[in-house]
Each structure stands twice: as structure tokens, then as C-alpha cells.
Amino acid sequence: MTGAAGGLGTELCARLVSAGAHVIGTDRSDAKLDRLATLVAGGPGRLTPVLLDQSDPAAARATVAALVQVHGAIDSLVNNAGIYPKSFAVDQDADEMRHVLDINAIAATTLVGAVAPGMKAAGFGRIVNVASITFVLGFTELSAYVASKGALVGLARVWARELGPDGITVNCISPGAFLTDAEKIHPDPAGYNQHVLDSQAVKRRGEPADFAHAVMFLLDRRSGFVTGQNLTVDGGWVMQ
Ligand SMILES: NC(=O)c1ccc[n+]([C@@H]2O[C@H](COP(=O)([O-])OP(=O)(O)OC[C@H]3O[C@@H](n4cnc5c(N)ncnc54)[C@H](O)[C@@H]3O)[C@@H](O)[C@H]2O)c1
């Protein structure tokens with residue numbers, strides 16, 4: 001799992017380890033990974049925290065190769081890391097856009113390429129891309145981010161067809177609004193909170209556990225007939 005030490009990733013790590021999984025959790029800072037290791041200290045599974053700045057494709061490929069050498073083939077991949085700088089589409093700086101696409105979408109491509117051979121050899125794999133309802137809603141001031149999430153939705157559909165014959169499913173989760181660092185980009189927290197509640201059918205804020213539960217459904221061995229889908233987890237904000 002990438003972005004494992006973030007707000008949503010930490011909860012997913014904890015739940016997977018509780019369910020007995022060996023989770024390799026990557027993130028870009030040692031301090032965040034140390035905190036993650038403290039929070040996910042129990043069993044019966046285990047966590048292997050790994051430092052990876054996934055803006056560098058060579059580093060991502062080398063990290064997967066080293067991990068496979070030590071732990072064997074990786075059976076599941078959750079592309080969860082993301083950055084969300086604010087930018088109006090009309091003012092979008094091309095270099096910043098490339099940077100966001102590198103981390104949010106192109107890294108996912110590199111990682112899928114790195115884990116797919118092992119999954120194909122095993123005849124089994126689960127890949128989940130973490131997208132966002134902002135792609136459906138077209139949130140303003142998040143142009144590069146929204147474009148990167150659209151790329152993840154499209155890629156999941158292509159990978160689902162390319163990898164389906166090998167027993168590998170590929171799906172997206174599109175979270176709605178969750179109270180992690182991601183929400184700090186909104187200048188009026190109380191106003192945004194009210195907007196979220198007004199927009200959702202369910203009149204409470206989403207918890208990381210809501211996200212984790214949905215990802216774990218897609219990772220489950222029994223979910224092998226669900227692929228190429230985008231599962232929205234937003235309390236009924238977007239309905240499609
Ligand atoms: N929180 C929400 O409301 C929300 C809504 C929709 C989608 N999402 C998506 O869910 C995912 C998790 O978000 P979150 O809310 O936990 O935010 P978060 O910021 O807490 O977590 C994102 C994680 O990605 C890591 N990351 C960023 N750049 C990296 C890099 N170059 N290399 C490696 N790791 C890097 C960060 O260190 C962080 O731990 C993201 O993809 C985000 O876009 C979140």
C-alpha cells in the first residue's frame with residue numbers, strides 16, 4: 001500500500017494487519033512511517049514500513065524488486081498515495097501538473113508494472129486505485145489533482161481488461177470527504193463541513209474505517225467477479 005502513513009492509509013493498514021495480512025506500507029517520510037509503525041503494532045498480521053518517494057519511477061521499481069526478493073511476490077496493491085495542491089485550471093503551471101501526475105498517477109503505472117509479473121505467475125492479484133469524487137464533481141481549484149484521479153479511473157479500466165485473464169482484478173475507490181490532512185486545503189473548515197453534510201445522503205462525516213471496509217471488500221479473494229469498477233464511498237454524495 002502506498003501513502004500508508006496518511007489519514008486513510010493508516011486505518012487501512014491497521015485493519016489489514018488485524019485481519020492477518022502482511023502489509024508493506026510505503027510513504028515518503030521516516031517520521032510518518034515511525035508513527036505508522038507505532039499505531040499498527042499489533043497482529044496477527046504484520047506491517048513492513050518502507051520509505052519510498054514515488055515521484056521517482058526508478059526508485060519505485062527498485063523498491064518493489066528488493067521487496068519481492070525478500071518477501072516473495074506481492075499479491076495486492078493499493079495505489080493510495082496522493083498530493084492535492086490547489087490550482088485553478090486556467091492558471092495551471094505545467095511543471096506542477098507533471099509533478100502531481102507523477103505522484104498520483106504515473107507512480108501507480110510504474111508499481112502495477114512492477115507487481116504484475118508476480119501476480120500473473122500466481123494467477124491471482126488485487127489492485128485498487130484510490131481516486132476521488134472530485135473527478136466526477138469537477139472540483140474547482142484542484143485541476144491537476146482531478147486530472148490525476150481521472151487518469152487512475154481510466155487506467156483501472158484498461159488494467160482490468162489487460163490483467164483479467166490472469167486472475168487479477170483492478171478497481172477504484174472514490175472517497176468523498178474524510179477528515180484527514182487532505183481537508184486542510186479548505187479555508188473555511190466549518191463551512192466546508194456543513195457543505196459536506198448537506199451534500200451527503202448520510203448525515204454524518206465519513207470515518208477512515210468506512211474507506212478501509214470498502215477497500216478490503218475489493219481486496220478480498222471472494223471479490224474476483226468485480227473488476228473495472230469505481231466504488232464511491234461518500235455517504236451518498238455522488239450517485240451514479
Ligand atoms: N481525505 C479525503 O477526503 C479524500 C477524498 C478523496 C480522495 N482521497 C484520496 O485518498 C488518498 C489518501 O488520502 P488521505 O486523505 O489519507 O491524505 P493524506 O495526505 O493523509 O495521505 C496521503 C499520503 O500520501 C503520501 N505521499 C504524498 N506524496 C508522496 C510521495 N511522493 N511518495 C510517497 N508517498 C507520498 C503522504 O505522505 C501521505 O501519507 C489520496 O490518494 C487522496 O487523494 C482522500
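**Ground rules.** I am working from a predicted model, where local features need pLDDT of at least 70, side-chain atom pairs count only at pLDDT 80 or more, and totals for chains, interfaces and linings use all residues. Residue numbers start from 1 along each chain, following the sequence as written. My helices (H or I, at least four residues) and strands (E, at least two) are DSSP runs, numbered from the N terminus.

**Ligand shell.** I found 29 residues around the ligand, and Gly-3, Gly-6, Leu-8, Gly-82 and Thr-180 come nearest. To be near, a residue needs its C-beta atom, placed from the backbone, within 6 Å of the molecule. I sorted the shell into 12 nonpolar, 11 polar and six charged residues. In this sorting, Ala, Val, Leu, Ile, Met, Phe, Trp, Tyr, Cys and Pro count as nonpolar, Asp, Glu, Lys and Arg as charged, and the others, Gly among them, as polar.

**α1 against α8.** Next I followed α1 (residues 7–18) to α8 (residues 208–219): their axes come within 9 Å and cross at roughly 55°. The axes are lines fitted to C-alpha atoms over the stretch in contact, with angles from 0 to 180 degrees between N-to-C directions. That makes α1 oblique to α8; angles under 35 degrees count as roughly parallel, over 145 as roughly antiparallel, 65 to 115 as roughly perpendicular and the rest as oblique. From α1, the contact takes in Gly-7, Leu-8, Glu-11, Leu-12, Arg-15 and Leu-16, and from α8, Pro-208, Ala-209, Phe-211, Ala-212, Val-215 and Met-216. Contact here asks for C-beta atoms, placed from the backbone, within 7 Å. I noted nine nonpolar, one polar and two charged residues in the contact of α1 with α8.

**α3 against α4.** Here α3 (residues 57–71) and α4 (residues 94–122) pack at about 25°, with axes 9 Å apart. That makes α3 roughly parallel to α4. The contact of α3 with α4 divides into nine nonpolar, two polar and one charged.

**Ile-127.** Leaving aside neighbours within four places in sequence, I listed Leu-77, Val-112, Trp-159, Ile-168 and Val-170 as contacts of Ile-127. I also noted 5.9 Å between the C-alpha atoms of Ile-127 and Val-78, which sit 49 residues apart along the chain.

How values were computed:
Contact = placed C-beta atoms within 7 Å.
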